[in-house]
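Colleague: Could we go through this model term by term, with the rule behind each label set out beside the value?

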Amino acid sequence: MPKLSENYFLRKYYLETNQVPTQTTMKERMSAPLAHVYFKSMPPKIKVLAGLEPPMKGGGSDWYIPPDDLLKGRAVMKPLKKKFLSKLGFDGIDFFGQQILENHQRQMEEEKERMLLENDNNWKLSIEKNCRQKFEDASREHARQNTTKIQNAFQEFTSLYMTSVTRIEQMIMEASAKQIRCGQEETFNKMSSKLQSLVKHQATMLYDEYTEKLMNEKARLKDDFINKVECARTMMGDKLHDINVEKTSCHRKVEDCLRVPEFSMSSICVTEGT
C-alpha cells in the first residue's frame, strides 16, 4: 500500500470535522506568496470562512500617547476613545485620584487587618505555647504525684494481699483437712455398708453355689450307688444262677451215682484211697 502524504490526512481531517484550515496552516503548506495570491483570489464567502473578512478596524482618530511614555522617550500611540480622553481633565484626575486614594485606603485597611490578624495569630500561638508548656509541666508534676500514690497504694495492696493470701491459705488448709476427714468418714460409712451388703451377697451366692454343688454331688453319688448296687445285684444274681446250676448238676451227679451201686462203691473206694 503506497504511503499517503500528510496533506491527505489534513484534508481528510478538515472534511470529517467540517472545519477550514487557518491562514497560518495555508501559508505553511502553500508558501507565503502563493497563499497571498490565493487569499486575493478568494470569493467573499470563502474569505469570511477563512477569516479574511470582515477586515479589522483600526483605532481611527482615537489615539493617545501616555505622558509616562513621553517622559521615557517612547512616543507610542495607543488606541483610546475620546470619551475616555475627555475624563483626563481636572474632574477626571480628581475622580481617578479619589479612586486611587480609596484603593490605597482600602489596601491600608486590608494591611492593618492583616497585621492585626497576624499579631493575633502570633499572640494566639504564644499563648498556646505557654499553655502547652504549663500543661506539660503540670502533667509531669501530676504524673510524678500519681506515680508516688500508685507506688504507695501498690505497697499497701501487696502487704494486704500477702496477709489475705496467708489467711486464705490457712483457712483452705483447715477446711481441706476438715473436708478430708468428713470425706473419709463418709466414704468409710458408705464403703462399710456397701462392703457388708457385698459380703452378704457374696456369702449368699457362695452358699447357694455350694448347696447346688452339694445337691448335684449328692445326686451323682446316689446315682453311682444305685448303679453299683444294680451291678452288684446283677453279679450276685449271675453267681447265684451259676451256683444253682452247679447245685443242680451236683444233684444230678449224686442221683446218677446212687443209681449205679458198683460205680458208687468203686468211686467211694477210690475216694477213700485217695
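What follows is a set of questions about labels, each answered from its definition.

Colleague: What should I know before reading any of the values?

Modeller: This is a predicted model, in which local features need pLDDT of at least 70 and side-chain atom pairs count only at pLDDT 80 or more, while totals for chains, interfaces and linings use all residues. Residues are numbered from 1 along each chain as its sequence is written, and side-chain values use heavy atoms, with hydrogens and water left out.

Colleague: What is the phi of Ser-31, and where does Ser-31 lie?

Modeller: Ser-31 has a positive phi of about 80 degrees although it is not a glycine, and its place is in the loop between helix 2 (23-30) and helix 3. As background, most residues other than glycine have a negative phi.

Colleague: Why is Ser-31 called partly exposed?

Modeller: Buried means under 20% relative accessible area, exposed means over 50%, and partly exposed is in between, with a 1.4 Å probe and protein chains only. Ser-31 has a relative accessible area of 36%, so it is partly exposed. His-36, which is found in helix 3, is also given that label because its value is 48%.

Colleague: Which residues form the nonpolar patch on the surface?

Modeller: Val-20, Tyr-38, Ile-46 and Leu-49 form it, with about 350 Å² of accessible area together; such areas come from the Shrake-Rupley method with a 1.4 Å probe, and for residues only the protein chains shown count as cover. A patch is made of residues with over 30% relative accessible area and no salt bridge, where nonpolar side chains (Val, Leu, Ile, Met, Phe, Trp, Tyr) are joined within 5 Å and like charges within 9 Å. Tyr-38, in helix 3 (residues 32-40), counts as partly exposed because its relative accessibility is 35%.

Colleague: How many aromatic pairs are there, and why is the pair of Tyr-38 and Phe-39 called tilted?

Modeller: The count comes to 3 aromatic pairs. Rings of Phe, Tyr and Trp (its six-membered ring) pair if their centres lie within 6.5 Å, and planes under 30 degrees apart count as stacked, over 60 as edge-to-face and the rest as tilted. The rings of Tyr-38 and Phe-39 have their centres 6.3 Å apart and their planes at 50 degrees, so the pair is tilted. Phe-39 is called buried because its relative accessible area is 9%.

Colleague: What makes the pair of Phe-157 and Tyr-161 stacked?

Modeller: The distance from centre to centre is 5.8 Å and the planes are at 25 degrees, which means that the angle falls under the 30 degrees set for stacking. Phe-157 and Tyr-161 are 4 residues apart in helix 7 (residues 90-259), so about one helical turn separates them.

Colleague: How do you know that Lys-190 and Glu-186 form a salt bridge?

Modeller: A salt bridge is a side-chain nitrogen of Lys or Arg within 4 Å of a carboxyl oxygen of Asp or Glu, and the closest N and O atoms of Lys-190 and Glu-186 are 3.1 Å apart. A search of the whole structure finds 10 salt bridges, including one of 3.6 Å between Glu-209 and Lys-213 and one of 3.0 Å between Asp-224 and Arg-220. Because Glu-209 and Lys-213 are 4 residues apart in helix 7, about one helical turn separates them. Lys-213 is called exposed because its relative accessible area is 52%. Elsewhere, Glu-111, Arg-114 and Glu-118 are linked in a network of salt bridges.

Colleague: How many disulfides are there, and what would count as one?

Modeller: The search finds 0 disulfides in the whole structure, where a disulfide is a pair of cysteine sulfur atoms within 2.5 Å. Cys-182, at 39% relative accessibility, counts as partly exposed, and Cys-231, at 47%, is given that label too.

Definitions and conventions: Helix = DSSP H or I, 4+ residues; strand = E, 2+ residues; numbered from the N terminus.
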